[in-house]
Each structure stands twice: as C-alpha cells, then as structure tokens.
Amino acid sequence: MDNLSPGNQTSAVKSGSPALAHYEEKILAANLWQRSELSARDRSVITLAVVISRNHLAEQLSQFTLALNNGVKPEEISEIIAHLAFYSGWGNAKGAAVVAAELFAIKGINGSALPAGNIIPLPLDQQAEEQRAQYVSSQFAAVSPGVVKFTTEAVFNDLWLRPDLAPRDRSLVTVSALVANGQVAQIPFHLNKAMDNGLTQQQAGEALTQLAFYAGWPNVFSALPVFKQVFASREL
C-alpha cells in the first residue's frame, strides 16, 4: 500500500513533528474524540468528509480504518466517496476510492458487494424538489443550462436518493465538505437541509468543533456566522 500503515504513520509523525504528535495524542485522541456531543461514528463521518474533499491522502488510510472501527459501514464509506465526487470534485473522490479499495481488500471486504447503480431509490419529496428546481432554473438556466440539468437529474433526483447512506449523513458529509473547502455561500441551504434531515443544532455546532481540527480554524470561523444566522432563522 502506498500510504503508511496507521502504526507506521504515527511513528513518522513523532519523528517529523513531536509537537504535532503531542497535540494529536493529548487533544485529539484524549479529548476531542471523547466529547459526548457527537457519537464517534458521527465524528468519523465528518472527518472522512474533510480528508476526502481536501484530498488528504496521508490521513485517509487511518481515518477509513478508524471509521470502520467506529461503526461506519463499508457501504457507507463507499457512498460518502461517491457523494463527495459531486461536492468536492471527481479527482478527490477517485483518489479516496483507491485507498478504500486497498483497505477493503486487506479487511476481506468484497468490493463487488458494495452499492453500485442498481439501487431502489428513497422516496422523492416532490413538492420540495419542484420548488428547488424551479428556483434554480429561474436563476441560472440562461447562464448554464447544463448545470441546472445535472443538478436536478444527477444530484437531487439520483445521488441524494441513494439508500445506503442516510439523508442525515449525506447532509452531514455535505456541510462538512462545504466548511472544509470554505464554500460558505452554500452552507445555509445545506445546513437547513441537514437539520430538516434530523441533525440537531447541538450536533451541528459540535461538528464545527471537529472541523476546526481537521479543516482548520480559519474555515470554521468563516462558517460560524453562517451557522449562527441559520440557527437564528429556525427559531423564528
């Protein structure tokens, strides 16, 4: 495997930056990942969204392994990768798919059993989708009809209806990737969608805590005012 194994990676980090190894052990492992505001599974989902969407190849093997240990199923990891192809770019997703395939082979996970195209989709909220599609078409059809077409056909009428990753988790992945990549203009729609899909305000706030370490403080502080505005708007 091209990536260092988790154990060797830890040793390499200690050799390359003892201070980083100290913070990883004393703050991340002993504190952040133990906080009760989010489950370990949710923390792994958020962290996977970052390391995939930011193409952090050095972190992917260890985080995929940790995610499996924290209860994220192989098919969910596969779906997270596919989902992020649309929200952070094909190349980042393909790189992550290669790492996941190597890990699945080591773990004896049958890649051919993972969800492909032949799925029974979740029910579509017809009214909400018609409103979304009409708004996007009215605003942007004259600018890029192709974007409008594929946003409806490939993203909201296909990707978001795939059943092997729950809507709440798709939303959590999407919001995490948006924060990680500084896409604050897209956060209000998707954070509202996440909360409609079952993410609580406390969980959304704690997601930012997790993201601060894995996506960086500047990205989180750019997102904080947007989260605050969304929370306030939902209390009206």
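Close-up 1. Helix 3 is followed by Asn55, a residue whose phi is positive, near 60°. Helices here are DSSP runs of H or I with at least four residues, numbered from the N terminus. This is a predicted model, in which local features need pLDDT of at least 70 and side-chain atom pairs count only at pLDDT 80 or more, while totals for chains, interfaces and linings use all residues. Residues are numbered from 1 along each chain as its sequence is written, and side-chain values use heavy atoms, with hydrogens and water left out. Most residues other than glycine have a negative phi. Asn55 is not a glycine, yet its phi is positive, about 60°. Look for Asn55 in the loop between helix 3 and helix 4 (57-69). At 34% relative accessibility, Asn55 counts as partly exposed (buried means under 20% relative accessible area, exposed over 50%, partly exposed in between, with a 1.4 Å probe and protein chains only).

**Close-up 2. Helix 3 from end to end.** Helix 3 covers residues 40-53, and its 14 residues should span 20 Å at 1.5 Å a residue. The expected span is 1.5 Å times one less than the number of residues. The end C-alpha atoms of helix 3 are 20 Å apart, which agrees. Of its 14 residues, 13 are buried, so helix 3 is largely enclosed by the rest of the structure.

**Close-up 3. Ile52 and its contacts.** The largest nonpolar core has 58 residues, and Ile52, Phe64, Val179 and Phe227 touch the most other members. Such a core is a set of buried Ala, Val, Leu, Ile, Met, Phe, Trp, Tyr and Cys residues joined through side-chain atoms within 4.5 Å. Leaving aside residues up to four places away in sequence, the contacts of Ile52 include Phe64, Ile80, Ile81 and Leu84 (contact means heavy atoms within 4.5 Å).

**Close-up 4. Glu206 and two arginines.** Glu206 and Arg35 meet through their side chains in a salt bridge (2.6 Å, N to O). A salt bridge is a side-chain nitrogen of Lys or Arg within 4 Å of a carboxyl oxygen of Asp or Glu. Glu206 lies in helix 11 (residues 201-215) and Arg35 in the loop between helix 2 (18-29) and helix 3, so the pair ties together parts 171 residues apart in sequence. Glu206 also forms a salt bridge with Arg43, with the closest N and O atoms 2.7 Å apart.

**Close-up 5. Asp42 and Arg168.** These two form a salt bridge, their closest N and O atoms being 2.7 Å apart. Asp42 lies in helix 3 and Arg168 in helix 9 (residues 167-180), so the pair ties together parts 126 residues apart in sequence.

Conventions: Helix = DSSP H or I, 4+ residues; strand = E, 2+ residues; numbered from the N terminus.
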